[in-house]
Amino acid sequence: MTTTATQQTLSRRPRQRRIGSHVFLLLAVLYFVVPLWWLVVGSTKSNSGLFVGSGGALWFNDEFALWDNVKQLFTYQGGIYWTWMRNSFVYAIVGGVGSTVLAVLAGYALAKYRFRGRNLYFSMLLGSVMVPLTALTIPTFVLLSQLGMINTMWAVILPSLLSPIGVYLVRVYAVDAIPDEMLDAGRVDGAGELRLFFRVALPLLRPAFVTVLLLTTVATWNNFFLPLAVLRDPQLLPVTVGINQWQALSNAGAGGEQVWNLITTGALVSILPLIVAFLALQKYWQGGLSLGSIK
Amino acid sequence: MTSTTSAAPATAQRARPAGGRRGQSLLDTKRQWWGWLFLAPFTVVFVLFLLVPLGYAFWLSLHTKGIATGGESVFTGVANYVRVFTDADFLSGMARVGRFVLVMVPIQIGLAVAIALVLDTLATRLSKASRLLVFVPYAIPAVIGALMWGFLYSPRFGPANDVFGLFGLAAPDFLSRDLVFGSLVNIVTWQWVGYYMIIVYAALRAIDPSVYEAARLDGAGNRAIAFRIKIPMIASSMVMIVVFALIGTLQFFTEPTVLRSVAQGAIPTTYTPNMYAYSMAFSYSQFNYASTIAFALGILVFIGSYVFLYATRKQSGLK
């Protein structure tokens, strides 16, 4: 008697809760998706259609101007938008891959080699994770300008190679992922240290490698403060700084400089590569982003 | 905090080679070099782009160069620091990012944990799709996110008038001096909750479900399981994301800078310490004072996160 009663409440409870949970989730998803929906809709509108249109802010107008907008991206200011996109790719790929390679090498060394000064090095590394990187931008600018490197691609790429958090993540991961016995067995068989790294360590570090690569690539792709400070030549800007300039000019007023349709379409095109990358690499980052937080 | 994490493997390694002391130590010295060799490339970057700029910023902050000094760089000791810590613009900027931390961090973490807890109890197709959709804003650059919300807030482009019109109300001006703080909180929340949620969710998935069964046998309800078991067990991930959020928020720069051109007048160039440093450097060419602001901010961020990590050392397992 009592058991059936409790079973009933047990089975009813979860269902009610599930409805509540799903409603909560739907509301949350709505919040996260609506701005993107607005961007998709906005990029199908012409410059004037963004202000006055049949569809309102959250629906398509009768006029569908997406292809015209994309074409205009190729012609406006000599197609500078695509130069910005290329620059963003160069910065993100060179900065992301470079900093990941450095982080994997350093994290492996800190996890698997015993040498004088290792603990001190690791403490410094942990301390540097707490240094706000933007605090370094202004002195970096002054240093680079004394070296005559301002306004070159190197001014963005070289500082982007620094990723203390990447080293930390690889080190935490490598401690458990690479058994010492495996390395020692390799050494007994006469394998050199480089060979051990490439043949034994690297394959085991793959999840950490992919995660750090995603984190650093996203960080470089999103970077705004550094390129804003060290670049003047419009031809060298990444797409983030470039679109922001269009927006600032459009807001400042002059009629011919108002390119709202290019801002919306350009913004949409610029976010597609990363969204596609994240969807394609799901199985890596879903577990990997929590590296270092689970013990 | 380093002693426990790094000392354990060190002692384990030290204990192992018991036999062949001599040959081992010879090998060790050779291997030491390999350790440094693997570390070398990162170390170069670490020195050139972290230690040197940091040291240089400190050097710049101890000097002054300007019309008053005849264009020469003159050693002025702590004068710049006296100036910065009595500078109303810097102090109000610091107070503002402090308020952002107090408002924004709890909202972001609370929302992230709530969504992760709900996702953890469901295994439906909808929950899988929502996990991805909630995460998507992380893949969008802060500039683009701020731009998009700028459009949405704007009475000219945004849907606010339509939405509020449904209820016969006039839309509030999200970009006014009074509301811009909340509007910025919303942008950052939108951008980062998904990332924090993924970290919390992964930590929740790592808990052994048999713990819940045991608790259920003891009569614990779902709420009790969430608050008494799940949240305490993911404390170390929570500490980590709070530190990320804390450091990120104190450096607040991109979103207010982007929103500035839309919200004319509501966001001054001194809105956050980083914006202040930027304008001192690039609008006024006061690189010494800008470096002082950056260095002072760096110290405060460092102290802030260190104090937080120290206060939560029990929860995080870092000692």
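**The contact between the chains**

Tutor: Between chain B and chain A, the count of salt bridges is zero. Please bear in mind throughout that this is a predicted model.

Student: How many residues does each chain bring to the contact?

Tutor: Both chains take part in the contact. Chain B contributes 106 residues, and the number from chain A is 110.

Student: What share of the area buried between chain B and chain A comes from carbon and sulfur atoms?

Tutor: The area buried between the two chains is about 9,900 Å². On the side of chain B, Phe38(B), Phe42(B) and Phe49(B) supply 8% of what that chain buries against chain A, more than any other three residues. Of the area buried between the chains, carbon and sulfur atoms give 75%.

Student: Which residue of chain A does Ser127(B) touch?

Tutor: Ser127(B) belongs to helix H5 of chain B, residues 125-135. Its relative accessible area is 4%, so Ser127(B) is buried. Leaving aside residues up to four places away in sequence, Ser127(B) touches Leu119(B) and Leu122(B), and from chain A it touches Leu25(A).

**Salt bridges**

Student: How many salt bridges does a search of the whole structure find?

Tutor: Side chains of opposite charge can pair when their charged atoms come close. Between chain B and chain A there are zero such bridges. Over all chains, the search finds six.

Student: How many residues apart in sequence are the parts tied together by Asp180(A) and Lys112(A)?

Tutor: The side chains of these two residues meet in a salt bridge, with N to O at 3.1 Å. Asp180(A) lies in helix H8 (residues 180-188) of chain A and Lys112(A) in helix H3 (residues 80-112) of chain A, so the pair ties together parts whose separation in sequence is 68 residues.

Student: Are Asp180(A) and Lys112(A) buried or exposed?

Tutor: Buried means a relative accessible area under 20%. Asp180(A) has 16%, and Lys112(A) has 6%. Both values fall under the cut-off, so Asp180(A) and Lys112(A) are buried.

Student: In which helix of chain B does the partner of Lys230(B) lie?

Tutor: Lys230(B) forms a salt bridge with Asp120(B), and their closest N and O atoms are 3.0 Å apart. The two residues are 110 residues apart and link distant parts of the chain. Lys230(B) is buried at 7% relative accessible area, as is Asp120(B) at 9%. Lys230(B) is in helix H10 (residues 222-233), whereas Asp120(B) is in helix H4 (residues 88-121).

**Chain A and its helices**

Student: What percentage of the residues of chain A count as buried?

Tutor: Chain A has 14 helices and zero strands. Among its contacts with a separation of 6 or more, residues 24 or more positions apart account for 73%. Of the 295 residues in the chain, the buried share is 54%.

Student: Are H10(A) and H13(A) roughly parallel or roughly antiparallel?

Tutor: The axes of helix H10 (residues 206-222) and helix H13 (residues 260-280) of chain A come within 12 Å and cross at roughly 170°. Angles over 145 degrees count as roughly antiparallel. The two helices are therefore roughly antiparallel.

Student: What phi does Asn151(A) have?

Tutor: Asn151(A) is found in the loop between helix H5 (137-146) and helix H6 (154-160) of chain A. With a relative accessible area of 29%, Asn151(A) is partly exposed. Although Asn151(A) is not a glycine, its phi is positive, about 70°.

Student: Is Ser285(B) buried or exposed?

Tutor: Ser285(B), which is not a glycine, has a positive phi of about 55°. Its place is in the loop between helix H13 (273-282) and helix H14 (287-311) of chain B. At a relative accessible area of 52%, Ser285(B) is exposed.

Note on methods. Residues numbered from 1 in each chain as written. Chains lettered and ligands numbered in written order. Predicted model: local features only at pLDDT ≥ 70, side-chain atom pairs only at ≥ 80, totals over all residues. Heavy atoms only, no water. Axes fitted to C-alpha atoms, helices over the stretch in contact; angles between N-to-C directions. Helix = DSSP H or I, 4+ residues; strand = E, 2+ residues; numbered from the N terminus. Parallel < 35°, antiparallel > 145°, perpendicular 65-115°, else oblique. Salt bridge = Lys/Arg side-chain N within 4 Å of Asp/Glu carboxyl O. Buried < 20%, exposed > 50% of the residue type's maximum accessible area, 1.4 Å probe, protein only. Contact = heavy atoms within 4.5 Å. Buried area = accessible area lost by both parts, 1.4 Å probe.
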